[in-house]
Amino acid sequence: MNGTTSDRAADATGVRGPGRREKAGTVRRAMARYWYAWVMVAPVVLVTGLLIGWPLARGVYLSLTDATEATMGRTIGVNVIPSTYEFVGLENYVSILGSGLFWEKLIWTVVWTVACVGLHYGLGLGLAMLLNRKLRFRSTYRLLLILPWAIPGFVAAFIWRYLYNSDYGVINAMLKAAGFGAVGWLDDPTTAKIAVIAVNVWMGVPFMMVAVLGGLQSIPGELYEAAEMDGATPWQRFRHITVPGLRTVSSTVVLLGTIWTFNMFPVIFLITRGGPGSSTEILVTYAYREAFTSIRNYSGSAAWGVIILLLLVVLALVYRRALRRQGEVW
Amino acid sequence: MRRAFSAATIVAALALAVSACGGGTDDPAAAPAQSAAADPSKVSGEITWWDTVRPDSEGPTFQALIKEFAAKYPNIKVKYVNVPSDQAQGQFQTAAQAGTGAPDVIRSEVAWTAQFASLGYLQPLDGTRAVENESDFMPSPLSSTKYNGKAYAVPQVTDTLALLYNKKLLEKAGYDKAPTTVEELKKVALDVKSKTGVNGLALNVDSYFLLPFMYGEGGDLLDVQNKKIVVNSPANVKAMATVADLITSGAAPKPATQDSYANAMTALKDGKAAMIYNGPWALSEVYQGKEFKDKANLGIAPVPAGSAKAGAPTGGWNLAIYAGSKNLDASYEFVRFMSTAEAQAKVAKEISLLPTRTSAYDNPDVQGNKDVATFKPIIDTAVARPWIPEGGQLFQPLLEGYQAIVGGKTTPEDMLKKVDSDYHGIFKDWS
């Protein structure tokens, strides 16, 4: 079933993509004319097929079985364990989609993604506009603002986890010094959610800022000068020059940011381990928990993985279509 | 492949000779004659050992033992790899399943051993040189090495939980000895709080640390013999209510749910809390704290009893051999050497880890170690957990429930109901 869904997706893009309405004959003629190009890309296609295609196919297959670490056959030394897993069709999907847990996690994952990407983009745009002006020490500011991006995700997560520590953390120490009570940041579902979003925003803003800054600098200054001559207010200039000028950059980085954030494993896993309870667990961290704790449930986590992939494919298609409606060719 | 049989396990050896020793031409009757020590100079090979101790404080002792081993077995080369204890299980499973990168010998936590064995990762050890004089091992740690009646590991060290306390703080509150029941624990903690201003008790929000409260009321998680899930019992409800009461009454401050192990340790070390639950592995770290520069200030007592008894879980580590090891003979010799009473005594003397051999406790070096002497009677009352492959899965539901209780989000009854239903998801055919 998954095969057909992605096939349909592929068909859809193939048919609607610009300039792909030729008949089969033209394909053959193109082959004849561009055979060297095909030969050139063959190694890449082969390697990509092996590195991505094979695990993907295997994952989809596993998701249709009841394979776990205990039922997969293997021979190690004197121990011979026969394979006892079976093809169970869509059972894994039915049980995942039928559980309240999945929908709970999906809602939180969507909230998490929208909040993070919204703040990433908003703050990134604001900072980029500031840095696009002529001001002193501009390169120093840029350097400082890009710093969070240079820190590896897991290091940042550990630093933040320490900052959030309810008894010995810096944040609570500051709160206490200012006369407020300590907050158990990671101990309550609501504050824990705010805490992980804050960390991810901190980590993701620099990228957005740099990307948007690049976009801003590609907008010709004459446009602003002309608008100013015509008496346009700053808001009108922003609305009618900056926003359209940034559209190409924005649409790309927002889609990328959405996919990254949707699957942002380290922040959640390293800061809260999904807790308290499983309140901050997003779909990928849950799939990881299925796959890598105790006796590993390969089939269940593969099914989670396929569902996550399908969600992102659907998201990308919808997003693409929305952009095309706005006249973007992306 | 050459096999030698120990006289003590002749029965198992017979079974093995028949069933497993495809290439073995050993005449079973000749087995007792082969129980003499193998010639150390004849065994050769290179083996990798994954150790899980703290590399800075405990590692050097084990590396010194390896040097002794190398002197005795000149043809065996031991590659020492330190793997953090919270990663070793996952890394070993990944490597063993993939068939590459697994070590020959792994230091396996007591709860992992049955799981590894059930997955076919471990070499059966009955009748091999690795197992020597099994009857000398303490029963509780020894039981953790068995799966389906066969030995898959050799006990290396054992441990349990105890009440660690700051003697000076308790004295200031008017107590010259540790509380022996949970009721006393609450009273002492409250008195410490009111008379000294520091917290009485620091709790660690972790499933393992809930077990003393459950055992104390006569509760348990599973009844393995009858294949029954017994976590949702009145005894456990009482235990959870006790824990919740310790927090709401102020005897223990509301603990952090993240990093709560480290926070509780820091609180004890800095004199910000008078009592914590922890095991012998924590002692070397506790003594680094400013309150315990004078080691005599640290009190170690059995965990306080509930209404039924005082009991803490058995912990500890085993030595197991990867079934795919290319150097089984060398691995057997290594495990045998590391689990001798002498090796255990050395470890106990230097880093206070508790021997699993009863004979090791007769060693003057072990008797000279005050911490080991204090822990020995506590170990004797420790409760063996069910050593089943699914053992590792029991903790996550319990942890989530504990966190919810600490956060005031659930009642003991509802929490145990939820844990019970989660356990039924793990053990589908249990009642």
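1. A friendly place to start is B:Asp191, which forms a salt bridge with B:Lys187, the closest N and O atoms being 3.4 Å apart. A salt bridge here is a side-chain nitrogen of Lys or Arg within 4 Å of a carboxyl oxygen of Asp or Glu. Because B:Asp191 and B:Lys187 are four residues apart in helix α7 (residues 182-196) of chain B, about one helical turn separates them. B:Asp191 counts as buried, at 17% relative accessibility. Buried means under 20% relative accessible area, exposed over 50% and partly exposed in between (1.4 Å probe, protein chains only).

2. Please keep in mind that this is a predicted model, in which local features need pLDDT of at least 70 and side-chain atom pairs count only at pLDDT 80 or more, while totals for chains, interfaces and linings use all residues. Residues are numbered from 1 along each chain as its sequence is written, chains are lettered from A in the order in which they are written, and side-chain values use heavy atoms, leaving out hydrogens and water.

3. Next, look at B:Asp51 and B:Arg107, whose side chains meet in a salt bridge (3.7 Å, N to O). The pair links distant parts of the chain, 56 residues apart: B:Asp51 is in strand β1 (residues 45-51) of chain B and B:Arg107 in strand β3 (residues 105-109) of chain B. Helices (H or I, at least four residues) and strands (E, at least two) are DSSP runs, numbered from the N terminus. Both B:Asp51 and B:Arg107 are buried.

4. Finally, A:Glu281, A:Arg289 and B:Glu400 are linked in a network of salt bridges. Over all chains, a search of the whole structure finds 21 salt bridges.
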